[in-house]
Amino acid sequence: MYSPNTRKRLDNCTAERKKLFASLKKGDDYRTHSGKVHSIAWNCDGKRLSSCSSDKSVAVYDFDGSKLSKSPIVLRAHSDSVDQVAWCPRSPDLLVSASADKTIKLWDCRSLSSKTAPATIQTRGENINLCWNPANGTQIVVGNKEDLISVFDMKTHKTIIDQQYKFEINEICFNNAGNLLFLTTGNGTVLVQSFPDMKLLTTIKAHSSNTICVKMSPDGKTFATGGADAVVSIFDYWAFTCVSAISRLDWPIRVIGFSHDSQLLAAGSEDTFIDISLVPTGESVGQISLDNPPANALSWHPRSYVLAYGADEKDRDREHGNIKLVNATFSM
């Protein structure tokens, strides 16, 4: 598959990454939520991290390059579980949250406080996922529990498109150009649709059972999926063909994420570790052990090998949602 020179370069790259993660120490814990952490996201300049939880709250942390702030700003405008947060890809100060309370909320974080009032958009159902269009930073796609996908204009707060599906839609993401939408389904497939007309272009058979998550690499050359079959699949973006199938985890893949340079892919499940793969080959370069699986959410810093992830904790039979931070950049 690879020429001798390419194979040698990839072997060196694998060895370097393995060395990086071999000395990795468990990061600091940040306890903010009293329920499960559902989503974690870095803003585009990497100076803030947000998280959300079943406890109806959204938290925003400052990041100084090595640690998160110990006292995040906690936002409590939702009346039900918050399932996802996402920062605008074009602005480091705009954050959106999606909740089971049938709203999405847009937060202006330029002068953020616990009393900041968000802009609120009513939706047609209990929201479970969302993503920004990376091409313009003004459109958001939201999915709800009834498998309705809606597109909103964040300038006018108006609905542009509603598209109902007759089968389970789990996660959605754009390509980097913002003209294709990828949707994972309960049929083990990924639908690829043109945007904004939402026409089906092709259906990719990705997994033998439910396809749960999908992510596009920052360089736009690959995308990855995670399935209930405990497999992580890496696809060539231009050919839509699977180039690696990673099966080191034993439980359904809950969450995946690419590093800033598109070289590493993290995958989390109910297993006792987060698996880190080298994207070009699918080979393992390391593991991050979990004291209390599962890994419910994870996100790589947009400029360095810093990984934030969420994990469940119990203290005297009370459940907490912790954010944990591992910094491979400083472990060399």
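Which residue is the bridge partner of Phe 182 in β16? The partner is Val 192.

## Basis of the model

This is a predicted model, in which local features need pLDDT of at least 70, side-chain atom pairs count only at pLDDT 80 or more, and totals for chains, interfaces and linings use all residues. Residues are numbered from 1 along each chain as its sequence is written, and side-chain values use heavy atoms, without hydrogens and water.

## The four-strand sheet

An open sheet of 4 strands runs in the order β14-β15-β16-β17, with antiparallel pairing. Strands here are DSSP runs (E, at least two residues), and helices are runs of H or I with at least four residues, numbered from the N terminus. Two strands pair if DSSP finds at least two bridges between them. β14 (169-174) and β17 (200-205) are the edges; each has a single partner strand, so one side of each lacks a neighbour in the sheet. The twist averages 20° from one strand to the next.

β15 (180-185) and β16 (189-194) pair over 5 bridges, in the antiparallel sense.

## Gln 193

Gln 193 lies in strand β16. Its relative accessibility is 3%, so Gln 193 counts as buried (under 20% relative accessible area; exposed is over 50%, partly exposed in between; 1.4 Å probe, protein chains only). Beyond four places in sequence, Gln 193 touches residues including Gln 163, Asn 179, Leu 181 and Met 198. Contact means heavy atoms within 4.5 Å.

## The largest nonpolar core

The largest nonpolar core has 21 residues. Such a core is a set of buried Ala, Val, Leu, Ile, Met, Phe, Trp, Tyr and Cys residues joined through side-chain atoms within 4.5 Å. Among the residues with the most contacts inside it are Phe 21, Trp 300 and Leu 307.

Definitions and conventions
Axes fitted to C-alpha atoms, helices over the stretch in contact; angles between N-to-C directions.
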